[in-house]
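Reader: I'm new to this one. Can you walk me through the charged pairs?

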Amino acid sequence: MACRLLLLLLLLGSAAAQRASDLASYFGTKSRYETIHPHLLADPFSLGPPERGFPLPTATCEPIHLRALVRHGTRFPTRKQIEKLDRLHKELVHRRSVGPACRAADSLAGWKMWFRPEMDGRLAGRGRRDMSALARRLAARIPGLFSARNHLAFASSSKPRCLDSAAAFREGLRQAGHSAPADGRLKESFEVNDKLMRFFDHCEKFVKGVENNSTALREMDVFRDGPEMRSVVDKITRTLCLPAKRLDADLIQVAFFTCSFGLTIKNINSPWCALFNTDDAKVLEYLNDLKQYWKRAYGHDINSRSSCNLFQDIFKHLDQAVSESKSSRAISSPVMLQFGHAETLLPLLALMGYFRDTEPLKADNYAKQAGRQFRSGRIVPYASNLLFLLYHCEKASSPEEKYKVQILLNERLLVFPHSGETVASYSSLKNHYKALLENCHFNEVCALTKTG
Ligand SMILES: *[C@@H]1O[C@H](CO)[C@@H](O)[C@H](O)[C@H]1NC(C)=O
Ligand SMILES: *[C@@H]1O[C@H](CO)[C@@H](O)[C@H](O)[C@H]1NC(C)=O
């Protein structure tokens, strides 16, 4: 009896923090959308608890323009990640044939490697579903804009996972009933636009100063070699009965990704998850966040400023919709749906001042940053989406109040930094971003200066 109780306690103890679902909130950019919206696990089309203050009441305000920036859905690991995992797996298979029995390592050696190099970052079946479900929810949230008479302008990054995301989103709209009007002609357009969706590749100053610069991610490198990571690496090396120093932080990260890919792609609890407890997961999340922070967000000014073109383009179309509405013309771009990357959204959010912590994320302030705002898994999971919604409010008390904007991130209202409100008059928003609108110009910002 006592023995059975002990066994039960042991089982409970070991199961407590090692299941994928317990680690899921630390998967960073490899998080599934359901982690921030658990109600979608039961019903992917559910709109969940009502969002207070959204949308504005249709009796007074009519949505006239939507700009949606969407990160692609759940994807497979990249070729590089798959090759690293293959190396780690082979190491465990080899160990089993030459070393003494080791439960954790032998069980992983027996795991069937199901990733193939050609999966290389492509959209997974789950990712298609992420997109079609998102499309159906957005159409349900803003039905007026997604009517068949409105023109839909699609744009995408040239990466297959984004092109496939756009197609799956389109399919979701079709399922939601958005199909050709009576005259049979679909009012939609599609373009590949890397200048907007992959602006970072086109910004020389970013490529040279950050992407190609071996010291730009110094804080991440120092953390990777620091005490917190060291202790995770050492613990897992011991668990797998491998010689000291055989594993490095990179391989541990790949094992952690494999846990995340099991959950996001297949909705299974991968055996790789059992290597980690939540404290390990927090450390690995921080390592991932350091990378995003220094490469895509506040770490270097050029990261966010490289998104100036996209920022300007958003306001150009808002301006256009306002002026068309003022002169009672049809809105030429009522719905713009654009598919890109976490790397598209993060710099833009940073440019606009969101998720900025008072202290930068650094190698030596891990503990202090436990409550940070900048957690990439909350901001840019797969299928994350940033919406700019413009309303025309005919009966407003003053001309300034006639055009209003709401911004939603992942289907939740963002609070405007200048007012603390979740709705802003368009003129107050433009006024808040006046300096950026006047001075943030891609060509100047991204030009390499001739010095040095
Ligand atoms: C960045 O590095 C890549 C590969 O090493 C190279 O092809 C490219 O020219 C570099 N770009 C800049 C702007 O330095
Ligand atoms: C590389 O990054 C470091 C650290 O941010 C910076 O001081 C240096 O100027 C950068 N080098 C180039 C070529 O931009």
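Author: The model is predicted. One place to start is the salt bridge between the side chains of Arg-95 and Asp-106, at 3.0 Å from N to O. That pair links distant parts of the chain, with Arg-95 in helix 4 and Asp-106 in helix 5 (residues 103-109), 11 residues apart.

Reader: Is Arg-95 buried or exposed?

Author: Arg-95 is buried, because its relative accessible area is 8% and the cut-off for buried is under 20%.

Reader: How many salt bridges turn up in the whole structure?

Author: A search finds 26. Another of them joins Asp-250 and Lys-84, also through their side chains, at 3.0 Å from N to O.

Reader: Which helices do Asp-250 and Lys-84 lie in?

Author: Asp-250 is in helix 13 (residues 249-266) and Lys-84 is in helix 4 (residues 79-98), so the bridge ties together parts that are 166 residues apart in sequence.

Reader: And how accessible are Asp-250 and Lys-84?

Author: Asp-250 is partly exposed at 26% relative accessibility. Lys-84 is partly exposed too, at 21%.

Reader: Changing topic. What does Glu-394 pair with?

Author: Glu-394 forms a salt bridge with Lys-402, and their closest N and O atoms are 3.8 Å apart. Glu-394 has a relative accessible area of 48%, which makes it partly exposed. Lys-402 is partly exposed as well, at 26%.

Reader: Which residues are joined into one network by shared partners?

Author: Glu-285, Asp-289, Arg-372 and Arg-375 are, through salt bridges that share partners.

Reader: Why would such side chains pair at all?

Author: Side chains of opposite charge can pair when their charged atoms come close.

Notes. Residues are numbered from 1 along each chain as its sequence is written. Chains are lettered from A and ligands numbered from 1 in the order in which they are written. This is a predicted model: local features need pLDDT of at least 70, side-chain atom pairs count only at pLDDT 80 or more; totals for chains, interfaces and linings use all residues. Side-chain values use heavy atoms; hydrogens and water are left out. A salt bridge is a side-chain nitrogen of Lys or Arg within 4 Å of a carboxyl oxygen of Asp or Glu. Helices (H or I, at least four residues) and strands (E, at least two) are DSSP runs, numbered from the N terminus. Buried means under 20% relative accessible area, exposed over 50%, partly exposed in between (1.4 Å probe, protein chains only).
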